[in-house]
Amino acid sequence: MRVWAALRAAGAGPAGFRERFEFGGRDVASWFPRHMAKGLRQMRLALRRADCLVEVHDARIPLSGRNPALQEALGIRPHVLVLNKTDLADPRRQPAVLEQLRQQGCSHVVFTDCQRDVNVKKSSEHNILVIGVPNVGKSSLINSLRRLHLKKGKATAVGGEPGITKAVLSRIQVCEKPLMYLVDTPGVLSPRLGDVETGMKLALCGAIRDHLVGEDVMADYLLYTLNKQQQFRYVQRYGLGQPCDRIEPLLKHVALSQGRTQKVKVLTGTGNVNMMMLNYPAAAYEFLRDFRAGRLGRVTLD
């Protein structure tokens, strides 16, 4: 049995894991980029011309961060909620997630993986506006539908960080019979996220730029979450002897195992000396990147 599976099965890990995470009075208002207000105005205008709405969200945070500013429009038009990146989410959570979404009025939910075109055929018809928070895979969904139905390549740029789509674009054809068009839109967060933990989950999934939140606190919250869910795959990946609750020793192992070092000039009594030291910010970024790529296991944050 794999190491992390054995640890989970045994309920292993040192006693004293944190039961709650201290956010230190952070203000999520500063995490809302100003350009998103313009994107929200553009999207509301485009909503008037749409026959149907496809809301794309990250399957790892199916309940957190969906933009309430769009709920009025979602209530008056046919609406499909696409939970993308399902290959990175914990499949054991899907039944509970679907039940909670049904209680919130979402009766049409599709789980997709647009990198491999999984379940994408279930998600479109007519003149459709694609909406959602940043970096959940809206552009990837459009490109995936074009590959499946038109056998054509990318029509819209994609990337691993928020802000690739800057404005509401013209219609993009994704199918011949029936004739269907999708309109890509910029990812828009709610100006009021509600609480810091929701913002932290969005940041971990790439919907908020890392530097606005801080890679160090994001890495610490990720470690807290992995331990809380008994997701111990990081133990073997970084060469730890057992799960740990403090971020500093974990980042030390990440830096050592991944070669994250930096040259530092030290002034001594005999002159300047160059020393190699561990690069903790780079190690924190590596930890976040491993999570986003699924190398720490399939994790649902909600």
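**View 1. Phe 23 and Tyr 221, two buried aromatic residues.** Both Phe 23 and Tyr 221 are buried in this predicted model (buried means under 20% relative accessible area, exposed over 50%, and partly exposed in between, using a 1.4 Å probe and protein chains only). The structure holds seven aromatic pairs, where rings of Phe, Tyr and Trp (its six-membered ring) pair if their centres lie within 6.5 Å. In the pair shown here, the ring centres of Phe 23 and Tyr 221 sit 5.7 Å apart with planes at 40°, so we call it tilted (planes under 30 degrees apart count as stacked, over 60 as edge-to-face, and the rest as tilted). Phe 23 is in the loop between helix H1 (3-9) and helix H2 (35-47), while Tyr 221 is in helix H8 (residues 215-228), so the pair ties together parts 198 residues apart in sequence. Zoom out a bit: ring pairs join Phe 21, Phe 23, Tyr 221 and Tyr 224 into a cluster.

**View 2. The hairpin of S7 and S8.** Strands S7 (residues 261-268) and S8 (residues 271-278) pair antiparallel over eight bridges (two strands pair if DSSP finds at least two bridges between them). They form a hairpin, with two residues between them. Look for Leu 267: its bridge partner in S8 is Asn 272.

**View 3. Ala 282 in helix H11.** Ala 282 belongs to helix H11 (residues 280-292) (helices, H or I with at least four residues, and strands, E with at least two, are DSSP runs numbered from the N terminus). Ala 282 is partly exposed, at 23% relative accessible area. Its C-alpha atom is 6.2 Å from that of Arg 260, 22 residues away along the chain.

**Notes.** Residues are numbered from 1 along each chain as its sequence is written, and side-chain values use heavy atoms, leaving out hydrogens and water. As the model is predicted, local features need pLDDT of at least 70 and side-chain atom pairs count only at pLDDT 80 or more, while totals for chains, interfaces and linings use all residues.
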